Amino acid sequence: MAEQATSEVQHTEQMSFVRKYIFSVDHKVIGKQYLFLSLFMALVAGTMAYYVRWQLAWPETAVPGAGWIPEPTAFSGIIPPEFYNALVTMHGTIMVFFVGMPLLLGAFGNYLLPLMVGARDMAFPRLNMMSFWTIFTASLCMIASFFVEGGSAAAGWTGYAPLSADPIYTGVTWGLNLWIIGLALEFTSFLMGGINFLTTTVTMRAPGMTMLRLPLMVWMQITAAVLFMLSVGPLVAGAILLLLDRTVGTGFFLPGKGGDPLLWQHLFWFFGHPEVYVVLLPGIGAVMEILPVFSRKPIFGYRTIIWSTMVAGVLSFLVWAHHMYVSGMDPNLVMPFSITTILISVPFAVIIFAFMATLWGGSIEFKTPMLYAIGTVTTFIIGGVTGIFNGSPPVDIFIHDTYFVVSHFHFTLFPSVFLGGFAALYFWFPKMFGKMMNETLGKIHFWWTMICFNLVFIPMFVLGMGGHMRRIYNPMQYDFLKPMQGINQFITYSAILLLLGQIPFIVNFFWSMFGGKKAGDNPWNANTLEWATTTPVPHENFDTIPTVYHGPYDYSLPNQNEDWQPQHLEKEPAAVA
Amino acid sequence: MSGASTVTEYQATHTVPGRMGVWWFLASEIMVFGGFLAVYILYRMASHGAWAAMAEHVSAPIGTFNTVVLLTSSLTMVKAFEAVDKDARDKARNYLLITVLLGVAFLCVKGFEYSHEISMGFTPLSGSFWSFYYVLTGLHGLHVLAGIIANFCLYIMAVRGTLWSKNCQGRVEFAGLYWHLVDVIWIFLFPLLYLSY
Amino acid sequence: MFDWFPKNISTFGGDIDYVFKLIFYIVGIGFLLGELAILFFVVQFRRRDGQKAKYISGDKWPQLGWILIPTVLVLFLDLWIDFAGAKAYDAVKGEMPVHDVIVEVSSKQYNWIITYPGPDGVFATADDITKENDLHVPVNKVIKVVLKSQDVIHSFFVPVLRLKQDILPGRTTDVWFEATETGKYEIACAELCGYGHYTMRGFLHIHSEEEYAAWLAQIWPAE
Ligand code: HEM
Ligand SMILES: [Cu+2]
Ligand SMILES: [Cu+2]
């Protein structure tokens, strides 16, 4: 075995650059590829948010920094309504599908899952590679869609038919087709990824790693993968029909040809609600790993959290029509869906309370990852409680499609994608890149991001209460919105600051990667298996596959000298007694 | 699917990764076709009988014939798998070939049906029923084609003898699972499209 | 705080605002308690020399009580909110009261086409009158609005009425309202419907009885 391992190592060293870093089948390299892709796409979608925000605050004035966009997309920085709609649409689409999923599932799922379960790689490494190159192609489709005639998709990230089903309604031709194709490729990519997540976890765990000794991050990742697989099918069907409507001339969603526009909404949201959990679960999964490490305590209620996640997962398939209270669907459906919606807050309440209970009695150290983890919890609570407003049918009549909703879903998505994502990145960066990140810059980044994030989105609730519609190119058209324009400008200032606040991160990221302090194998004294191997992680992850003796969260066991207990080491005799 | 055995020396369960992968794939296919069928059924219910008149123009006898062809091919696929299991190589090879031929026969009949329907003026644009008819059977047909190609590759490998290497263990089983799925989808499509006027 | 709402001038808008406020206070208190607890925990249990964390796995029932009891409370409050809202929703979108006046609002990219049935009260007759973007109705009367769309989905949104309804092409959707104050208010489209979505602005003119009679007389003079 040892001999074989060394020959393997030599073999890797001889691998060409292309095999090693580009068409690599190593889950660690693939994870990093996902990471860079998602950070790049975050930059793209963040820039779009900036253009959108500028237009809302100072309508129809030239956006600084948008002068490079050629006509007729924009006119020396002035954004026309067609382009504005495309920006909103693509911002949403990219943030959810090309930042959230590749960052949380693609990067951290791929990088961590085999390490955490104690496997040498994913079950199907080549499929894993294909999944990355599929989403890479999908990203190219999305970006290319801006450069075709008619511009990019402009029917909202929800792509409601019939607006999306016939080019005459938007003037967008291939842009929207590319959007559909890009999404289909993205779905394919994550279906391939999902096979790997589940199969690796089920079949390739290290000896002693029972399902109930898995780190919660792994549970969250596989639950997310399964939710995605079970929900995306009908939308794929819908997307095929939509594409046929657009290209061949069928009328599945066009009432004039006997189609039904409402059906698209059902298909979209049947997928859409589980999808937000697909993005949420890995984000809070990272929090579940980080809270115990920095409070030196077990996560509170390990099994309860797993059960709650399962319950939430099942319920997520039964709530979709809460997005459609005013859509014109049968009003008799409203009450059942509002009840399931209410019920789904229960498992999440359990999880949040479990997080709080984890902090209680701990010995909390405020390293950057921990700050981000706590930040995720505190802001996600706002997303959760404002969901109650949306879930209430009468209130939704008023706030549906207003900024109240926009703010609500940013308070759920931003914490999981960015706050959770940053928590994960600061936490696992030492393992991934072998260097520590700078704490001071990290803390500046955290407070800057946290404060500006809240300054951007809390005022949006006020706009929503004032009735400010979403996806509106120029709010100054309406007299009842004019008094609130000051708030719009305030939000835009804050959003610009929020984006600038990412500079410390970018500096820190690259500076640490090349010049940071060298990280040890286990800088945070954490228990899980990814810290049991050396840094940098060798090819095939472990010199010898570790054996697992107990669960992942045994911190501060009584009668022990150390306040941690790695999963691959047996307990000291004193504790066993 | 082959990398798996090389990277693990220890396995937590007896489940073969390849088999899990195939089941995952089948499950996602079921969700896609489930979506299509749900949409079709909802539309059909909303059409208040208008579609039933359309459905009369598809040929139930030809559909029945094709159903028999496809069911038989599922049977021969099972036989092929049985033969592989017993290491009866010649038998396995022949059954694979029969399965492939039956699949081709199915597609030929389907093609004939299409041309007949189009000649009667029923194209994918002749109303919602026909749009669904062509989309559903067309996608199913593509799946049949993919299955034929997979089975044909296995047949070639069987002829060359490479199918019996350790590396290829389980391939006939996985292809068989897929082939059965294609069959099951047809079992749903057939009554919904052909027999419900 | 609730000054941010647009003025309410419909009979059911007050109920909607009430449910909003109810939810606001309930979840507001829960939110504050939650955030304060987190703040307290992170301050109280920050790392100090020589102080070890407690080992609490939280997988035993007595421990789980600490999170399950608040959860039951959450469930209870949730259900309260949901049932408190059911009536308000029913008033708006449930059974429709008998109407005094009927109008048809047909949306298209990017205009509201408003049709009045005329003195005979029946649509598609010779005395129908069609106007763009101006909806005239009397105060304190039940108005039934028949919503139609000629192209894509639009959404009929009148902030002061707290009324919003998506309009699906190929179907008619009925809504109703009863305004309690006269004046001129804005109608907006709340569902993205194309590049001119933001320009889809209409006006709701709510007239006193006399004013409304005068308006009618002006449009159908020879009656
Ligand atoms: C970087 C900070 C962000 C800012 C400043 C921002 C800002 C905005 C703005 C101004 C809108 C348009 C609202 C409208 O006019 O309708 C919007 C929409 C949206 N955002 Fe963000 N956003 C940010 C981050 C995110 C993140 C992290 C996600 C998800 C992972 C996200 C997902 C969405 C979605 C789905 C929409 C809806 C798009 C649509 O209406 O079709 N955003 N955002
Ligand atoms: Cu939802
Ligand atoms: Cu509109």
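Is A:H273 buried or exposed, and what is its relative accessible area? A:H273 is buried, with a relative accessible area of 9%. The model in which this residue sits is predicted.

## The copper site

Three histidines of chain A coordinate the copper ion (ligand 2): A:H273 through ND1, and A:H322 and A:H323 through NE2, at 1.6 to 2.0 Å. Along the chain these donors follow the spacing H-x48-H-H. A:H273 and A:H322 are 49 residues apart and link distant parts of the chain. A:H273 belongs to helix α9 (residues 261-295) of chain A, whereas A:H322 lies in the loop between α10 (302-315) and α11 (334-359).

A:H322 has a relative accessibility of 11%. A:H322 counts as buried because this value is under 20%.

## Fold and dimensions of chain C

Chain C contains 3 helices and 10 strands.

Along the principal axes, its C-alpha atoms fill a box of roughly 95 × 35 × 30 Å.

Of the 223 residues in chain C, 53% count as buried. Among contacts with a separation of 6 or more, 63% come from residues 24 or more positions apart.

Chain C has an accessible surface of about 10,500 Å², and carbon and sulfur atoms supply 60% of this area. The chain carries 20 positive and 28 negative side chains. The centres of these two sets lie 15 Å apart.

Note on methods:
Residues are numbered from 1 along each chain as its sequence is written. Chains are lettered from A and ligands numbered from 1 in the order in which they are written. This is a predicted model: local features need pLDDT of at least 70, side-chain atom pairs count only at pLDDT 80 or more; totals for chains, interfaces and linings use all residues. Side-chain values use heavy atoms; hydrogens and water are left out. Helices (H or I, at least four residues) and strands (E, at least two) are DSSP runs, numbered from the N terminus. Buried means under 20% relative accessible area, exposed over 50%, partly exposed in between (1.4 Å probe, protein chains only). Contact means heavy atoms within 4.5 Å. Accessible areas come from the Shrake-Rupley method with a 1.4 Å probe; for residues, only the protein chains shown count as cover. Lys and Arg count as positive and Asp and Glu as negative; His and the chain ends are not counted. The place of a charge is taken as NZ of Lys, CZ of Arg, CG of Asp or CD of Glu. Donors are N, O and S atoms within 2.8 Å of the metal (3.2 Å for Na, K and Ca); water is not among the atoms, so sites may look incomplete.
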